[in-house]
Amino acid sequence: MKQNMAQKLITSHLCRPADLIIGQELLLKVDQTLTHDINAVMTYLAFESLDLPRVRTKLSVSYIDHNLLQIDNKTPDDHIYLQSVAKKFGVYLSKAGNGICHTIHYTRLGKPGEFLLGGDSHTPSCGALGMLAIGVGGMDITTAMAGFPFRLEMPAIVKVNLEGNLNPGVSAKDVILEMLRRLTVKGGIGKIFEFTGDGVKTLSVPERVTIANMSAELGATTAIFPADETVREFLKAQKRETDYKEILPDSGCKYDEEITIDLRALVPLVACPHLPDNVKTVREAEKKPVQQVFIGSCTNGSYSDFKKAALVLREEKVDENVSLVFGITSRQIYLKLLEDGYISELLNAGARFTEFACGPCCGIGIAPPSKGISVRTCNRNFKGRSGTSDAELYLVSPEVAAATAIKGTLATPDEVMGDLSVLAYVHEPNEYPVNDNLLIPFAKDGSEVEITRGPNIKPLPVNTPPSNNLTCKVSLKAGDNVSTDDITPASAEFSSMRSNIPALAEFAFNRYAPDFVSRAKAYGQSIIVGGVNYGQGSSREHAAITCMFLGVKMVIAKSFARIHKSNLINHGVIPTVFEDPSDYDFIDQEDELNIENLLQQIKNKKITINNLTKRRNFAVNLDISDYYVDILLHGGLLLFIKAQLREGE
Ligand code: F3S
């Protein structure tokens, strides 16, 4: 049978034969995992508790790339713990200074045809190499490292037909912003976007990364580009051509949906505050004074991205009211830019530099001023994402960001450059400087390795199985599109607390609903009510763990974002959806709800809830597989895996 690329990648990883029908639960063998410092401590604490001597994946990598600020013991404690635990259990460690996880992974370690599970929502970046690359929460990574298959409900496969080529000054960022404009942040839920057409051949691997990376903002399962001649050339330039394997769709294969984007028709776009799908053309967007421009992140962090920004800035200077900050994504890219003279050009234009790390895009290191406007090449612009709750974030391409830094207001490159054709001749290098000495190998025999556990590392809280009757109050009634940033705030202050759940839980919903924590604590047990797309955004499982820690037993929403829904299940919190969404209007915060015979109702996947305050019954559905039902009945994934390992003994 003729197959598209997604079907090929899925079929080659099936643990047992299955029909690839939309919604069918599939068991997939995981080849590679990745984690990063601000989410990973809980993942490895959970792995430690399984008493396994080694991870059971082909390749697992622990990246230290997100919070490198060392203002007290917290982040150094985390980093040293992660290094020692990696050495012991057979995990490579990418040390601070090597670069951002997704950049290092696609440049140095990703392999066409393999299945990567990443503890970060932008893991689809590696889809640019022809990998199946899916972002999940930390407990799913623990499970994969323990050798269990990953369970995936077969997504719909959307063919994205790219035609023609981009005009100079228009970039891959504009392709994904155009998709967000058309499809919205919910448009990719339950879907894989597979890119084909002549236009794909005109895009370099890093340009494909930009698009695949932000498929996460569409809510998609992942995005896949062909592993074609462009990928082979890229791997050759990285001195690892032997990792190449061709992955192409069979001609005449079928797709569930299809969209077409004419690259020639695109113009520079901008995602305006506070959602990535609030997209306008740069020309039509309001021209307010900008205080900060940031160029970098896993979305736009390639050699070509920085070189294009440097060409826009050539012989220009940064507006005196703008702070222009570059976050070069990896040591390799920095060295190449240095060798080719672009770092000095950027310095001469008046740019500042951060470490080769994530930082600014998750509110670490570079926050805008109060009520400030920051124009960024990142992937998210949620309220508070930058660390400043009343700032406005605009998402653009590197070319637009550089032009904006010169003008002091949003600007397209042609407003500051006489001739844009120079941008059309920017290509990735034929050869990259390769030095992997910050990729630390694990010990041959981990049994002798001692784990270093500083005071910032607190035990992982574990839930208990649900009781049969639940009577509790609604601790929060939230609206639509609640993000994981709303639940557990981003920024340096909070990310360094992620190894200490009791401390972090004090700040749950701190910007969204400042009285939530005191209410949840007073209630002991409680239920959260949400609108559509509850839990969108990052894969941060702390958003689920902190709520679980505060006694939240169930979330009732109109719909959930995929990763947050599994994180809730993984930590034993029941994610239900209103059978009739209008019932949302009949519940208020502080209402008392009662559920009888909960265990059987979980098994039935349909739960009747009695609103004692309003004297009214309503139904909610548990739209999950039998496997997830089993996990909920165990009280979460960790208890479930432990039971499975005991049974296997
Ligand atoms: Fe890092 Fe920002 Fe990407 S936090 S992984 S650069 S979304």
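**View 1. The open six-stranded sheet with mixed pairing.** In this predicted model, six strands form an open sheet in the order β6-β5-β2-β3-β4-β19, and their pairing is mixed. Strands β6 (132-135) and β19 (439-440) are at the edges with a single partner strand each, so one side of each is left without a neighbour in the sheet.

**View 2. Strands β2 and β5, with helices α2 and α3 on the sheet.** Strand β2 (residues 32-36) pairs with strand β5 (residues 115-118) in the parallel sense, over three bridges. Opposite leucine 34 stands glycine 118 in β5. Helix α2 (residues 37-48) lies across β2 and β3 (59-63), and runs at about 115° to β2. Helix α3 (residues 74-89) also packs on the sheet, where α3 touches β3, β4 (92-94) and β19. The direction of helix α3 makes about 155° with that of β4.

**View 3. The open four-stranded sheet with parallel pairing.** The strand order here is β10-β9-β8-β11. Strands β10 (222-224) and β11 (257-262) are the edge strands, each pairing on one side only. On average, neighbouring strands of this sheet are turned by 25° against each other, direction ignored. Strand β9 (residues 191-196) runs parallel to β10 and is joined to β10 by three bridges. Threonine 222 in β10 is the residue opposite isoleucine 192.

**View 4. Strand β22 and its pairing with β21.** All six residues of strand β22 (residues 552-557) are buried, and the strand is mostly covered. Strand β21 (residues 526-529) pairs with β22 in the parallel sense, over four bridges. Isoleucine 527 has methionine 554 in β22 as its bridge partner. Between β21 and β22 the chain passes through helix α19 (residues 542-549), in a right-handed β-α-β crossover.

**View 5. Strand β22 and its pairing with β23.** Four bridges link β22 to strand β23 (residues 574-578), again in the parallel sense. Proline 575 in β23 is the bridge partner of valine 555.

**View 6. The residues around the ligand.** The ligand has 13 residues around it, of which Ser297, Cys298, Cys358, Cys361 and Cys362 come nearest. By class, the shell around the ligand holds seven nonpolar residues, five polar and one charged.

Note on methods
Residues numbered from 1 in each chain as written. Predicted model: local features only at pLDDT ≥ 70, side-chain atom pairs only at ≥ 80, totals over all residues. Buried ≥ 20, exposed ≤ 12 C-beta atoms within 10 Å, placed from the backbone. Helix = DSSP H or I, 4+ residues; strand = E, 2+ residues; numbered from the N terminus. Pairing = 2+ DSSP bridges. Right-handed = clockwise from strand over helix to strand, strands pointing away. Axes fitted to C-alpha atoms, helices over the stretch in contact; angles between N-to-C directions. Near = placed C-beta within 6 Å. Nonpolar A, V, L, I, M, F, W, Y, C, P; charged D, E, K, R; others polar. Contact = placed C-beta atoms within 7 Å.
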